[in-house]
Amino acid sequence: MKNKGMYLLYGLLTFGLLYFWHPEIVNYHEQNQLFLWTADYFTNSLALPGGLADWLSEGMVQFGYVPWLGALVLSLLFTLLALATNVWIGVLFWVALLDVYNLISFPVACLLAVAAARAASDIRWIPLSADLLLWPALYWLIGPMAVLYASLRMIRQYQAGTLRAWHPLLYLIYILAIVLILHRMFFPQWPLASAFLGLNYCRAPMLHPSCHWLLPLTVMLAALVRLPRKESRWATLKESSLASRLFLIASAVTSLGVLWSLKDYPAESYEVLRQDMLVRQERWDEVIARAEKHQPQINMSSEYVNLALGMKGQLAARMFQFYQSGPDALIMRSMSDNMSNMASAEAFYRLGMVNSALRYYSDLQESIINRRKSGRLERRIAVCQLANGRTAVARKHLDLLRHSLFYRAEAEELIQNGTNADVQRLQRLRYRTDMLYDYPEIDKMLGLLFVNNPENRLALEYFLGQLLLKGDVQNFMAHLSWAQQYGGYAAMPAGYQDALRTIQSHGQAAGTLYGPYVKKMLSANSSQKP
Amino acid sequence: MNYKKLLIGPCLMAALAGCHHRPTDAALTDALPPIYPDYTDVTIPADIAPLDFNGAPEAEDLYVVIQGEKGGRLEVSGSPSREDSGPWADIDIEDWHRLTAQNVGADLTVTAYMRYQGRWTQYRSFPIHVSSQPLEDYGLTYRLIPPGYEVGGYIGIYQRDLHSFRQDPILTIDAVPQHCMNCHTALRADPSHFTSHIRGEKGGTLVQIDGHQRWLNTRTPESGSAGSYADWHPGGRYIAYSANVAGQHFFVGPYKPIEVYHRTSHLVVLDTQTDELLLDSLLMQPEVLPIFPAFSAKGNTLYYSVSRYCEMPLEYEKVKCSIVGMAFDAGDDTRRPRFGEQVDTLLNGERDDCSYVLVRPSYDGRWLMYTRCCRSNFPIAQRDADLWMMDLQTRRTWPLEAVNSSETESFHNWSSNSHWFVYASKVEDTMYTRLYLSSITDEGQATKPFLLPQKNPRKFYHALFDAYNVPDFTRQPVELDINEARKKFESGEREVVKAVWVK
């Protein structure tokens, strides 16, 4: 093999990208799926075109539960892809990897298409006519990436001098006919565009990012550029140096097109995803340490940092040392996507607001557009259902988890015992009385939660923190005695002292942390008025 | 070496090993068999899909003998089930249909044997009653939806052949991405006429008559909202809709997760020939919320539920619906329809301190089935929701005790011959509604219901994370040109309806 070192370097760089630079990518993929080791899961995956690529990719992504293992498995996949094409194309595929909306099934399908084209061309007894059967099968297994297979087959046939001028046209007509027939017969509910552009290459099946056709096109053009000179019965493209240059230019242009998509590199989004990953792994100190260096200026980031501070007992002292987005910096309103409410859900879960956690986790689960279950969310939902005494419903979720690789042990323990430390904690902390959740009254709900269980210090700090975020000075002053009585602080926390100084000086005290927040909120409110 | 023998021998042995015989040394027990679903003593129509059932999860094997009172007999070996579902009786569909057809009006006696730790137990035999009343419909239509909170998730309207296990999609979210859809409402189980509403930005009201698909905007300044809960006039020209704004709030305590309600609601009638939305002042008052319309068998009365306006969510406990009826004259080609001048209260929710909702008159004009719960105009979220019946001749009412449970029963509908009904219940696990079918005796009592049959039912239902919504019967398979529907949906072009005050 040529350039072994190049491929090794490529593999190491990919591992570094996924483990050191952007481990949140692997985490995000893993938390939006739940690979099950059951025959049903496999057959259900095959119910749609591209199902095998999907199944294989999810099988790989599941290892992301262990960050280094997930990074290793995916870097192996990308190295294989680079080996099957070339290192430059491997680098271009990083673009697809860096956008978490692209599913890993996309590079898997590409790798399978290239491998299948090689295998079919290298095995002499598979003539081009065999593609009459092979292509529909491949289309079903890997999706529209089978078009790349067809292109590579044409190129190899041309290289071998066995391609007739009418082959490509006939092949194209055949592909169109097959896709139309399969769509009509087996998945008519889906838009026809998805049948040609992919049903499961993207997290949102209705989206078809440009890299989904640019990258295969680059693979195809690279194969064309590398064509060796060979005589054939009809005029070879390679004989024309102009054509050769044109292919080279086209390859360069598509490469640039792929790289151009990096222009919107969402550094802040990655940082929020990183915070989410760290919260998931309960690496609270790292959340705080990263925020001390740089913190994205959005509400989700405030929520993650505040939760980390709360879990480390620092919320009362340090809250306003960090960016606070506003009254939504502790708990956010309900949103309909698979990410925004994760921080609030985690906060509810740790506060002991069982039903609110259950609601946010459930909505996050149903917001996964490609209908996958999430291992991370399923285990939380199961625990909340057990805390609520809905054993039969919890069992449904636990039986899913039981068939996964990494959630199995916890699920089996919960099935056997019906409880664990989290279930017991939630049952201890939750509300004793019923009332309707009302987001504008979140401070009162937090206060009541604390009254229900005065040992719930996190609820106390969230309650007082929420009053400060709302600017409800009167209630903050009125309930500050709770902090003294139940907070277990040796002295009044610095954050509360800072807020008191701000309040008592009517915002005039110099060097306070709460003062600038109040001014920011006041100016934001006044700018909203007509 | 004869390789064929080498291959055939083990295959034959394996096949014989899998072919069970009726256990002869089984220990008798007087207990009923622990089967899922509970099909003991249920009443079924003759050509329903086989009532496959699972044995106890811990059972190693199952053997079932089904003997017809009028003759015929089936013996079924248990099929092994992966996971913890227990072995299941996979009854051959043709044999089952033959047996039930032979025993119309008689009983099938089912004897189940289960093997535990190598020893067989023979349970007490139980009957399945094959009704003399046929189920003439092709199947059911329903919506499958995750029973979540504010995010709808993957939603689809499906049809299920009741005589087999076949389920086909009619319209799913794949065709209308990120849009929630209301349920499909046909003309008394006749799918040649149906309507459904797609909510959201590109939403619209789909009305299909004899294969002609139209997408309307049924939201007018007068109605305030597009039509949602619907019922067809028996003549097939008019559709009554409730145009409402739904809301939901969530409890924080451990007892109940969600309260769903309608903030506002009006009733309107769409004339599908003139595209006029017919309005009546009695059905458009802001201080009352009429909802869930249903025409009487002859179409001369419009039944619905009505509650007084409450400030939501503050007064959610005060929502008490009554069931009322209003005369409806469908008119003719020269004369517009007319609504009655007064409202006849059949059941008074405020007086009885409960809520009467989802009125469904039988198509033969004999009965009125409805849901009763302690409050609310959205019964499926109420745990105490039960099915009740009214005799339309005497106005006597009674609960359908055979079908009610401590959990929610609601969203019922009649078969086209009014001998059978389907409803949704949360009895299994308090959360996921499942469909049950039951028949009505001449005295208006329900027979013991049976869960919608599925292959390997314990595994099927356990793995299903969707709830069944608003089931209805369909005489024939629903035919919807999905490509046309998608095209029209995506175009966003909606035919405009014109609101007309009738009185």
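Biologist: Which residues of H21(A) are buried?

Modeller: This is a predicted model, so keep in mind that local features need pLDDT of at least 70. Helix H21 covers residues 391-401 of chain A, and eight of its 11 residues are buried. Those are A:Val393, A:Ala394, A:Lys396, A:His397, A:Leu398, A:Asp399, A:Leu400 and A:Leu401.

Biologist: And what covers the buried residues of H21(A)?

Modeller: Both chains contribute to the cover. From chain A it includes helix H20 (375-387) and helix H22 (408-417). From chain B it includes strand S31 (434-439) and helix H4 (457-463).

Biologist: OK, on to the interface. How much area is buried between chain B and chain A?

Modeller: The contact takes 45 residues from chain A and 42 residues from chain B. Carbon and sulfur atoms give 55% of the buried area. The total is about 3,800 Å².

Biologist: Which element gives the largest share of the side of chain B that touches chain A?

Modeller: The elements giving two or more residues to that side are strand S12 (167-172), strand S18 (238-250), H4 and helix H5 (482-491) of chain B. The largest share is four residues, and it comes from S12(B).

Note on methods
Residues are numbered from 1 along each chain as its sequence is written. Chains are lettered from A and ligands numbered from 1 in the order in which they are written. This is a predicted model: local features need pLDDT of at least 70, side-chain atom pairs count only at pLDDT 80 or more; totals for chains, interfaces and linings use all residues. Side-chain values use heavy atoms; hydrogens and water are left out. Buried means under 20% relative accessible area, exposed over 50%, partly exposed in between (1.4 Å probe, protein chains only). Contact means heavy atoms within 4.5 Å. Buried area is the accessible area (1.4 Å probe) that two parts lose on being put together, summed over both.
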